[in-house]
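Student: I would like to work through a structure step by step. Could we go by question and answer?

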Amino acid sequence: MPAGARFVTRRLLRGVLTMWFAVTVTFFLLRLLPGDPALAVADPGMTEELRADLLRDYGLDRPLAVQYWEYLTQLLHGNLGVSFRQNQPVLDILLERLPWTLLLAGSALVVTVALGIPLGVVAATRAKGTLDRLIQVGGITGQSLFIPSIGVFLLYVFGVVFGILPIGGAMDDDVYGLAAYGSIALHLILPCLSLVLVQLGSYVLTLRSTLIDALGEDYCTLARAKGLPNRKVVWRHALRNALLPTTTLVGLQLGFLVGGAVLTESIYAYPGVGRAIFEAVSQLDFPVLQGAFLMLAFAVIAANLLTDLAYGLLDPRVRTA
Amino acid sequence: MTTTDALMPPPGDAPPPAAAATPTAGGLPPSESVARQTWQAFRRNPLGLVSAGVLILLGLVALAAPLIADYPSGYGEDVLAGPGAGHWFGTDDLGRDVFAQVVWGTRVSIVVGLAASLLAIVIGVLVGVAAAYFRPADLVLGVIVDVSLSLPVLPLMILVAALAGPSVPTLVVVIAVFSWPEVARVVRSQGLAVVPMPYVSAAHVIGGSHLWIIRKHVLPGVAPVVAVSVVLTTSRAVLSEAGLSFLGLGDPNSWSWGTILHQAQRSGSLATAWWTTLFPSLAILLLVVATTLLAVAYNDARNPRTR
């Protein structure tokens, strides 16, 4: 098999393995936890008989291995169970929500990278200068922010005090056509900004340190010796190599980004999967919680696979290693 | 998974100073002088000192909570009063003093953060060292760590915490169980640099047992990374606790910073009564920034190149 095909196959297998791991961990966590899964659907006051019936209906009286197999086949058929509170298939509820989460997380990622690269370059080329210190302290502070805090702050300033941005939801009800897109964009600004502020630091700090290393390499010295202007050395020579570890960072940060999206959506009443989690927590709707985790895990794994493949395209060494 | 990468030396970097100075050869105890040098460099860094001071102050507040404020419970007369002389941080929608909530919240937030972090460190160090030292184990452990790091942890924590029922011990265990892979990852990569060192091979040659080599030679080599990890894992655990409590999965019988925000969100005073959210938010920010800067300062002080 050619190296490229082997690389793709290996990454695909790894994605499947990760998903299997997520599913298996969920299954066994749910069954091994002190709380009886039947308790989740059952009333404490119900009779022993009724409880046994309920267990049989849900297949909870069969051996663990059989249950596990059944669980896997159901998942492969796209069956995530039925919501306790809404009496609707969990998959339908969540699929309706997923596009909003993808929009939020995706736009946050794009904005973060678009801001992170120039900031990282500025910090690295002025290493130890005042601007560099400021960017570093800003990055560390940004990472230390608690998303609900920053969310409330932005909401208060832009939504309540100035009143220029909507305070929640994903779009207005009574708009159509082009105005609807405008409304969606307006509603996206604050949630997206909250996520960007928290994410930006790690990208800037990572790019800064890899770029400083790259600028010290021989090929950069050579480029300068040839008389290339400094701007070209930085952007054309050093940055290209420094961006590779940043690509890895995208993969590492995706899980964190999704976790942030859950909190952000809760604050802004943004109708994504995260908001569904928030609502399910207060209603103790376990099938929704479980389905939401599996769906977000699947999204993260798929995105990770794409980053890995992009990395393989950018860096031939990865393909052959 | 936030600051760690920027702070950790890449694997295969220069040998860690503490490892090079492990007192194996007898004679001078060089580790002591390394500790002293680190301390002297640390003492000159104002940012590190201030951070340490802030953390000590927060620790004192947590310890002395009963002396500082009465436990916030029941109902008060001034509902949603702004900050003033009577209530420094104002009151919430039930008239409870926000200052008292923040003070008592410090206790729970720090206890959960520290306990979860220590548990995560113990598991993470065991797994990380085992993976670095026993190569066949690395295949399995490495995959488990990689795989769990690529999953969205918060939704999983939410699911488990909701099932197990909200309480302080639940929070500690849930946060620890999903935080150790990060520790294992950094310990493993540092361990991979330490295990092939000549002094470890020498220990094999003189017939040392695995346990003895790990205890006396590998663990001291990864100790500096673990020290940084303790600080960072604690701040991340505090953030996780705040997140879970904010979503309503905090211990219903105690106050934490996240619980205050949860109450504010539930009562709808989140955006109008700014004091109900500002002060707990500042407390979280203060703790997390101080821990991160402390880790940076310690790292700089330890590294001879940045000392």
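**Loops, helices and charges**

Tutor: B:Ser179 lies in the loop between helix 9 (168–177) and helix 10 (180–194) of chain B. Helices here are DSSP runs of H or I with at least four residues, strands are runs of E with at least two, and both are numbered from the N terminus. This is a predicted model, where local features need pLDDT of at least 70, side-chain atom pairs count only at pLDDT 80 or more, and totals for chains, interfaces and linings use all residues. Residues are numbered from 1 along each chain as its sequence is written, chains are lettered from A and ligands numbered from 1 in the order written, and side-chain values use heavy atoms, leaving out hydrogens and water.

Student: Is B:Ser179 buried or exposed?

Tutor: Buried means under 20% relative accessible area, exposed means over 50%, and partly exposed is in between (1.4 Å probe, protein chains only). B:Ser179 has 14% relative accessibility, so the residue counts as buried.

Student: Which residues does B:Ser179 touch, not counting those up to four places away in sequence?

Tutor: Contact means heavy atoms within 4.5 Å. Leave out residues up to four places away in sequence, and B:Ser179 touches B:Ala120 and B:Thr233.

Student: Why are B:Asp138 and B:Arg135 separated by about one helical turn?

Tutor: Both are in helix 7 (residues 135–149) of chain B. The separation is about one helical turn because they are three residues apart.

Student: What is the relative accessible area of B:Glu182?

Tutor: B:Glu182 and B:Arg185 meet in a salt bridge (3.3 Å, N to O). Both lie in helix 10 of chain B, three residues apart. B:Glu182 is buried, and its relative accessible area is 7%.

Student: Which residues do salt bridges that share partners join into one network?

Tutor: Start with A:Arg275, which bridges to A:Glu279 with the closest N and O atoms 3.4 Å apart. Both lie in helix 11 (residues 273–283) of chain A, four residues apart. A:Arg275 is buried at 17%, while A:Glu279 is partly exposed at 28%. Through shared partners, the network joins A:Arg97, A:Arg275 and A:Glu279.

Student: How many salt bridges does a search of the whole structure find?

Tutor: The search runs over all chains. The total is eight.

Student: Which residues form a positive surface patch?

Tutor: Patch residues have over 30% relative accessible area and no salt bridge; like charges are joined within 9 Å, and nonpolar side chains (Val, Leu, Ile, Met, Phe, Trp, Tyr) within 5 Å. Lys and Arg count as positive, Asp and Glu as negative, and His and the chain ends are not counted. A:Arg240, in helix 10 (residues 230–268) of chain A, is exposed at 60%. The positive patch is formed by A:Arg231, A:Lys232, A:Arg236 and A:Arg240.

Student: How many helices and strands does chain A have?

Tutor: Read along the sequence, the pattern of chain A is α-α-α-α-α-α-α-α-α-α-α-α-α. The count is 13 helices and zero strands.

Note on methods. Areas by Shrake-Rupley, 256 points an atom, 1.4 Å probe, with all protein chains shown as cover. Salt bridge = Lys/Arg side-chain N within 4 Å of Asp/Glu carboxyl O. Charge placed at Lys NZ, Arg CZ, Asp CG, Glu CD.
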